[in-house]
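This report describes a sheet, a helix packed on it and the surroundings of a ligand. The sequence and the model are shown first.

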Amino acid sequence: MTFKTLDDLADIKAKRVLLRVDLNVPMDDAGKVTDATRIERVLPTIQELSAKGAKVILLAHFGRPKGERVASMSLEPVAQALADYLLQPVDFADDCIGTSAEEAIEALSEGDVLLLENTRFHKGEEKNDAEFAKALAALGDIYVNDAFSAAHRAHGSTEGVARLLPSYAGRTMQAELEALAAALSTPVRPVLAVVGGAKVSSKIDLLENLVSKVDMLVIGGGMANTFLAAQGLDVGKSLCEHDLADTARKITAAAEKAGCKIILPTDAVVAREFKANAASETVAVDAVPADAMILDAGAASVDAVKASIADAATLVWNGPLGAFEIAPFDMATVAAARFAAEQTTAGKLKSVAGGGDTVAALNHAGAAESFSYVSTAGGAFLEWLEGKELPGVKALEI
Ligand SMILES: Nc1ncnc2c1ncn2[C@@H]1O[C@H](COP(=O)(O)OP(=O)(O)O)[C@@H](O)[C@H]1O
Ligand SMILES: O=C(OP(=O)(O)O)[C@H](O)COP(=O)(O)O
């Protein structure tokens, strides 16, 4: 696929550049960014545009507010965090279209950077509504997409607006696509995929295709609970999408047919409260108390994950194996990440991991630096791996 890059942008002095970035960063309850990888990755594009005299207008989403204005999902705290990394002020407008955005843009000088409020505060964003895309496009002269990790969404700010303005790929978009192609176009077998995390419904469908591309699939985190429940096990109060049981069974059957080995947890760390240092115990997955929730994989399951990593030549990983943000439920994720890092350093494994929280987990484990490649993308990375066309990339096609 060919698209224009920043190299194709001639004179952009004083031009209004709408730059789609992914600032969907992990944040604690106090509004502090707990992992800045996604911020760091978009700095080169912002700096390049700013240095060339453009008025840089950032479009981004945060969380899943479903078209409502949800205060806890405001991007305002991220504007300050971004300014700290950019070492330059970042203005903020409290809406991504309409008067407040227009006035904030009017006030920009060459090289200034402005962040617009969460695009998902408007229903038109996720619907990719033509009027919403038009309202965005009216704010800029040029569109640049640097949000590879949101490119699997055909939304107003990732797809619709790209069709209305001269469009370009940003440096991170370009680098991600090149790095993933270099690392995984012809992966050395056996290939192991590890899929965990919490976004069960948005990722489970991908697994049916994935099992035909990989030799082993470790299913962990909230995703595993859905598979365990589909086998008839009681997962108590665990994060679990019971209505996806049929899908889980279909994936298991597809894996058998394709000769892909599925590795599910056999034991689990359970607790009755979702808080740091809550009283916890390790139980077999068929003995989860009805009033408890699975928050991490147990030691036997971790050994099985490590054995799979030891057997693999290539690892692709999205989604933590437990609620790693809360101690001690980071045990499985940290142990697996460190083992994969060691195998990579020893030259036995090519390891590629991605996803906003996955990257945060790898950083938490001190393992990210040793991985072969760390992508900002989780869902987009899995879709890319499947060979799916990503709408946000497709819209940039010349
Ligand atoms: N057993 C579990 N119960 C609840 N949450 C979990 C569990 N396992 C993992 N998680 C949560 O999954 C989240 C990450 O999921 P996800 O967004 O899919 O990953 P990524 O952002 O890397 O793509 C983390 O916040 C983690 O706490
Ligand atoms: O965090 C993201 O994806 P990821 O959790 O798959 O890494 C992206 O910002 C996309 O967010 P979405 O899954 O709410 O569309």
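**Basis of the description**

Two strands are taken as paired if DSSP finds at least two bridges between them. Helices (H or I, at least four residues) and strands (E, at least two) are DSSP runs, numbered from the N terminus. The model is predicted: local features need pLDDT of at least 70 and side-chain atom pairs count only at pLDDT 80 or more, while totals for chains, interfaces and linings use all residues. Residues are numbered from 1 along each chain as its sequence is written, and chains are lettered from A and ligands numbered from 1 in the order in which they are written.

**The parallel sheet**

An open sheet is formed by 6 strands with parallel pairing, in the order β9-β8-β7-β13-β14-β15. Its edges are β9 (261-263) and β15 (373-375); each has a single partner strand, so one side of each is left without a neighbour in the sheet. From one strand to the next, the twist averages 15°.

Strands β7 (residues 191-195) and β8 (residues 216-219) run parallel and are joined by 4 bridges. V195 has I219 of β8 as its bridge partner.

**Helix α13 across the sheet**

Helix α13 (residues 356-365) lies across β13 (314-318), β14 (350-354) and β15, at about 125° to β14. Such angles run from 0 to 180 degrees between N-to-C directions, with axes fitted to C-alpha atoms, for helices over the stretch in contact (C-beta atoms, placed from the backbone, within 7 Å).

**The shell around ligand 1**

Around ligand 1 there are 21 residues, of which G197, A198, G221, G355 and G378 come nearest; a residue counts as near if its C-beta atom, placed from the backbone, lies within 6 Å. At least two residues of the shell come from each of α9 (221-230), β12 (293-297) and α13, and α13 gives the largest share, 3 residues.

The shell comprises 7 nonpolar, 11 polar and 3 charged residues. Nonpolar covers Ala, Val, Leu, Ile, Met, Phe, Trp, Tyr, Cys and Pro, charged covers Asp, Glu, Lys and Arg, and the others, Gly among them, count as polar.

Conventions:
Contact = placed C-beta atoms within 7 Å.
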